[in-house]
There are 2 protein chains.
Amino acid sequence: MNLKQLAHMLALSQTTVSRALNGYPEVNEETRRRVMDAAKRHGYRPNPSARRLATGKTGMIGYVLPTGAAVDIDPHFVEFLSGLGDYARSHELDLVLSPADADDQETTYRRIVANRQVDAVYISSPRPADRRVALVNTLGIPFIVHGRSEGFDFDYAFTDIDNEGAFREAARLLIQLGHRRLALINGDDRETFAIHRERGVRRALAASGLTLGEHHVCSVDMTEENGYRATRRLLEAGDAPTAIACSSLIMALGVVRAVRDLGLSIPGDVSLIAHDDVFPWLRPENFSVPLSTTRSSIRLAGARVAERLAARISGLEEGARGEVWPVDLVVRGSVAGAPA
Amino acid sequence: MNLKQLAHMLALSQTTVSRALNGYPEVNEETRRRVMDAAKRHGYRPNPSARRLATGKTGMIGYVLPTGAAVDIDPHFVEFLSGLGDYARSHELDLVLSPADADDQETTYRRIVANRQVDAVYISSPRPADRRVALVNTLGIPFIVHGRSEGFDFDYAFTDIDNEGAFREAARLLIQLGHRRLALINGDDRETFAIHRERGVRRALAASGLTLGEHHVCSVDMTEENGYRATRRLLEAGDAPTAIACSSLIMALGVVRAVRDLGLSIPGDVSLIAHDDVFPWLRPENFSVPLSTTRSSIRLAGARVAERLAARISGLEEGARGEVWPVDLVVRGSVAGAPA
DNA sequence: CAAAAAAGCCAAAGCGCTTTGGAAGACTCT
DNA sequence: AGAGTCTTCCAAAGCGCTTTGGCTTTTTTG
């Protein structure tokens with residue numbers, strides 16, 4: 001059942017039927033009712049391929065997925081996706097993932113924009129002066145950055161969490177508990193979120209006249225194993241920290257294992273605070289010692305990004321508004337006063 | 001730059017240019033060269049929207065993503081996606097995720113097929129007599145099932161691992177080590193993979209005249225917490241098992257924690273074997289006691305599914321061939337002889 | 001009550017590609 | 001040389017929708 005048939009069956013022109021269906025004003029309400037009724041009764045659904053050829057609108061949002069043998073998509077992605085999907089579903093939006101060589105995403109961005117494959121895109125895990133952001137900005141497709149980039153001469157729309165504030169507060173708590181030597185086990189410090197977190201820790205330390213030792217901060221891929229290794233290295237060195245801030249729950253697993261392997265205990269010897277993106281399958285309160293966390297649901301962020309993308313597509317949102325969500329600091333058993 | 005312009009500039013008809021570009025035989029090789037040359041020089045890329053309206057081909061593969069407040073996409077998905085993306089990238093295929101209410105995926109399947117939104121789909125986490133498989137089969141769109149369904153009067157194409165064999169071998173090893181009371185901490189037993197795994201354990205036990213106690217098998221969502229709870233329940237009961245088979249590494253985290261909380265040890269009091277889908281961020285050799293596993297890379301499966309989908313789209317693969325991959329049994333420190 | 005404005009509808013021209021049904025010219029064969 | 005066959009190309013008809021520009025008919029207005 002296509003438009004032509006429907007129009008013919010109603011003894012109307014395609015024009016009128018199309019307009020009736022799409023809510024244009026220049027059609028009699030009575031007629032509109034007839035049309036919509038018939039459309040529903042016959043299960044008419046406009047062919048999206050045709051519509052998109054005519055309008056350029058696709059009803060899809062895009063994401064360029066970095067892939068390659070050396071690239072691991074991290075599990076945060078799936079949680080984000082959950083939220084995105086939740087919103088997208090209720091608005092009949094689909095998400096198209098365009099896999100790209102991690103080292104050459106530009107080509108793919110250009111392709112999906114030139115081909116009008118999607119109405120909007122989002123960008124995740126941005127770095128300072130991220131080329132993707134600059135590119136997408138000049139290409140002129142609506143977009144939202146999940147996280148923040150920095151150092152552009154233009155503004156853009158983003159949804160981020162207050163990484164700096166979160167880690168500042170976490171560090172401040174540890175300092176108040178008497179800790180003087182803090183360590184930070186961070187994610188890839190080429191990414192903005194990691195930079196902000198480090199800055200948060202440093203600011204808190206500085207406020208008390210302390211500093212973050214050069215070898216007390218490490219930047220690694222966020223795996224359990226890297227959490228373990230980093231912790232061993234930290235705790236086996238001369239001026240071992242008495243408190244650790246850790247950028248992910250998964251790394252925290254490794255931290256806990258390392259501490260145990262060294263015959264130390266949490267929080268007796270080492271206090272630990274980790275960032276919790278809220279995975280349904282791994283919860284900080286279920287660690288052998290319940291974990292203190294800075295918490296922010298990445299799933300909610302996914303839903304919010306979808307919502308904003310939808311708003312941008314339909315013209316409801318404009319401008320370069322950035323929003324920064326506060327992060328909860330949840331104190332559980334893994335922190336205590338510094339050992340004497 | 002569109003076809004019309006290109007044709008005009010070459011003083012050829014659109015027909016000829018189109019055919020030259022698409023490799024049809026009825027065009028002079030000399031002409032073809034000229035056309036392809038000009039196309040490249042001017043960076044001509046056929047508009048996919050137009051092409052798809054004309055041909056119905058989209059260059060995309062689809063996946064219906066179950067969503068909803070109660071639905072968690074599990075982290076296996078992202079690994080699978082990694083593999084899928086790896087392959088898709090090298091073949092200029094995109095993946096479109098259509099979020100659907102988990103309780104009504106049919107509507108979405110019908111929509112994406114009716115609208116010709118994708119050339120093929122894959123289905124994951126199938127159950128016996130899975131309605132999605134039946135539906136997609138009648139809708140007539142090329143598809144591959146990742147995993148297996150059962151109980152249809154038709155055959156279909158799937159890529160699965162030998163879950164039954166894997167868990168049979170795992171159980172057999174435990175039995176050979178003298179264990180008599182095994183337990184299985186399984187995933188959702190409405191899904192085929194879980195059924196097969198349970199069957200594997202039962203078969204191994206039966207071969208030695210043993211059985212799997214009714215309360216020695218549990219079916220839960222594969223979270224750390226559920227692994228913990230199940231283990232507590234198992235080990236605190238009267239006839240506690242001396243060996244546990246566990247369907248996921250994430251649950252195994254909980255198993256280990258529970259065993260420790262009870263003051264017991266692995267493998268002294270309890271042997272443990274878990275299934276490993278090969279996550280880059282959590283590896284069995286890095287457990288406090290290195291974990292014995294049944295191992296199969298879900299990422300490779302993703303790549304394979306993509307490969308087969310591509311083959312089906314281009315007509316290279318037909319028929320209902322199912323393939324079943326063997327699973328490695330990797331023995332590490334978490335298994336030992338049964339306690340006296 | 002005639003003129004102007006508004007309402008309601010339609011035919012047809014895109015959107016950019018593929019594909020059908022020829023047609024013209026070159027080549028082969030008897 | 002005439003008939004038949006290839007080879008090579010083209011005009012035009014879709015694919016199914018939106019949108020422009022215009023044409024009636026009805027309503028409003030001075």
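Predicted model: local features only at pLDDT ≥ 70, side-chain atom pairs only at ≥ 80, totals over all residues.
User: Which element gives the most residues to the surface near DNA strand D?

Analyst: The elements that give two or more residues to this surface are α1 (3-10), α2 and α4 of chain A, together with α2 and α4 of chain B. By class, the surface near DNA strand D has nine nonpolar, 13 polar and four charged residues. The element that gives the most, with five residues, is α4(A).

User: Which element provides the largest share of the surface near DNA strand C?

Analyst: Of the 26 residues around DNA strand C, those that come nearest are A:T15, A:N28, B:N2, B:L3 and B:A50. Two or more residues each are given by α2 (14-21) and α4 (48-55) of chain A, and by α1 (3-10), α2 (14-21) and α4 (48-55) of chain B. The largest share, five residues, comes from α4(B).

User: Which are the edge strands of the open sheet of twelve strands?

Analyst: The order of this open sheet is β11(A)-β5(A)-β4(A)-β3(A)-β1(A)-β2(A)-β2(B)-β1(B)-β3(B)-β4(B)-β5(B)-β11(B), and its pairing is mixed. An edge strand here pairs on one side only, and this holds for one strand of chain A and one of chain B, namely β11 (322-325) of chain A and β11 (322-325) of chain B.

User: How many degrees does the twist of this sheet average from one strand to the next?

Analyst: The sheet in question is the open one of twelve strands, with strands from chain A and chain B in its order. From one strand to the next, its twist averages 20°.

User: Which residue of β11(A) is the bridge partner of A:F158?

Analyst: In chain A, strand β5 (residues 158-161) pairs with β11(A) in the parallel sense, over four bridges. For A:F158, the bridge partner in β11(A) is A:G322.

User: What angle does the direction of helix α7 of chain A make with that of β3(A)?

Analyst: Helix α7 (residues 131-139) of chain A packs on the sheet, where it touches β3 (120-124) and β4 (143-146) of chain A. Between the direction of this helix and that of β3(A), the angle is about 165°.

User: What distance separates the centres of domain 1 and domain 2 of chain A?

Analyst: Chain A is divided into domain 1 (3-46), domain 2 (60-161 + 300-325) and domain 3 (163-297). Taken over C-alpha atoms, the centres of domain 1 and domain 2 of chain A are separated by 36 Å.

Methods:
Residues numbered from 1 in each chain as written. Chains lettered and ligands numbered in written order. Pairing = 2+ DSSP bridges. Axes fitted to C-alpha atoms, helices over the stretch in contact; angles between N-to-C directions. Contact = placed C-beta atoms within 7 Å. Domains from an automatic or database assignment. Near = placed C-beta within 6 Å. Nonpolar A, V, L, I, M, F, W, Y, C, P; charged D, E, K, R; others polar.
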